Amino acid sequence: MSYEINQTLPRSFGRSKSSESNISPLAPHVRRVLASLLPRYGLLIGFLLFWQVSSTRGWVNPAVFPPLNVILSALWTNLANGALLDDIAISLQRSGTAFAFAVAIGIPLGLFMGQFRLVEQALDPILQLFRQTSALALYPVFILLLGLGETSKIFVIFWATLFPVLLATIGGVKEVDKKLIEMARTYGAGPLTIFRRVILPASVPAIFVGLRLSATTALLLLIAAEMIGANKGIGFQVMNAQYNFQIPLMFAAILLLAFLGLAANALLVLLQRRLCRWFQPGR
């Protein structure tokens, strides 16, 4: 009997070592992935799981809060048959046009105001007044002036997206280290060189903060703009699905807007990391 035990022990040990050698390379990798994901996305994953379970178990009314698999199925179906593709294109065109105008006007004006204190003091009161006035409150005024077509929708988005870019640019210019400017002047740099080599590079991180806020605002205002006098767009689909009690499609359109916002933010973060290698922005 002792001989049989001695013969079987090495084999069992050999199998355990081989199994451990197969598992051990994967276990640390899985632990690292979980350790990096759970602190950041753990609460979000828990919320989504709670939504799915509470809807399927009947803890909440599934007619009002459908399960996530039903919402994702509605999203995939409407993307596959092309029902949402035209709405995505039109919404991106509206928000993208307004965002481009806000960038084209906000950044140069902010750079100019940030460098000249007298100009900033003269324009700041009226800018603060316009900034504190809700774009949604002014939307009827824009409709009266510009009509119910595309111009008023683009303009209300532009109005709301202009101020984050403008104020962030002004703040970025004003926060440039004065010692760097004095050092550049000491070495004989002129005003244009100081602007190109010192002020503009130092202001870029703050400008990107304004761009990210502006991109988020553009998508938020897009919903309100497309809920009035529109027959296409993601915002229109949200309201149309709600009126027709197509609740999964309504949540699918809302989820699609969230994905577009995340994609826009990720694109701007990537661009910032390319242009500002010395500055690592938080997501």
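Student: In this predicted model, what makes up the lining of the second largest pocket, by residue class?

Tutor: Eight of the lining residues are nonpolar, two are polar and five are charged. Among those nearest the centre are Lys178 and Arg185, and Lys and Arg count as charged. Ile181 and Ile199 also lie nearest the centre, and Ile counts as nonpolar.

Student: Which helix gives the most to that lining?

Tutor: Helix H9 does, with four residues. Helices H4, H5, H7 and H8 each supply at least two. The space in this second largest pocket is about 380 Å³.

Student: Staying with H9, why is Thr217 called buried?

Tutor: Thr217 sits in helix H9. Its relative accessible area is 19%, and buried means under 20%, so Thr217 is buried.

Student: What makes the pair of Thr217 and Leu213 a polar contact?

Tutor: A polar atom of the Thr217 side chain lies 2.8 Å from the backbone oxygen of Leu213. The cut-off for a polar contact is 3.5 Å, so the distance of 2.8 Å falls within it. Thr217 also touches Ala160, Thr161 and Pro164, leaving aside residues up to four places away in sequence.

Student: And what is the lining of the largest pocket like, by residue class?

Tutor: There, 16 residues are nonpolar, two are polar and two are charged.

Methods. Residues are numbered from 1 along each chain as its sequence is written. This is a predicted model: local features need pLDDT of at least 70, side-chain atom pairs count only at pLDDT 80 or more; totals for chains, interfaces and linings use all residues. Side-chain values use heavy atoms; hydrogens and water are left out. On a 1 Å grid over the protein atoms alone, a cavity is a set of points where a 1.4 Å probe fits but cannot get out, and a pocket is an open set with protein on both sides within 12 Å along at least five of seven lines; lining residues have an atom within 4 Å of a point. Grid points are joined across faces, edges and corners, and a volume is the space filled by probe spheres set on the points. Buried means under 20% relative accessible area, exposed over 50%, partly exposed in between (1.4 Å probe, protein chains only). A polar contact is a pair of N or O atoms within 3.5 Å; within protein, one must be able to donate a hydrogen and the other to accept it, and residues adjacent in sequence count only if both atoms are side-chain atoms. Contact means heavy atoms within 4.5 Å.
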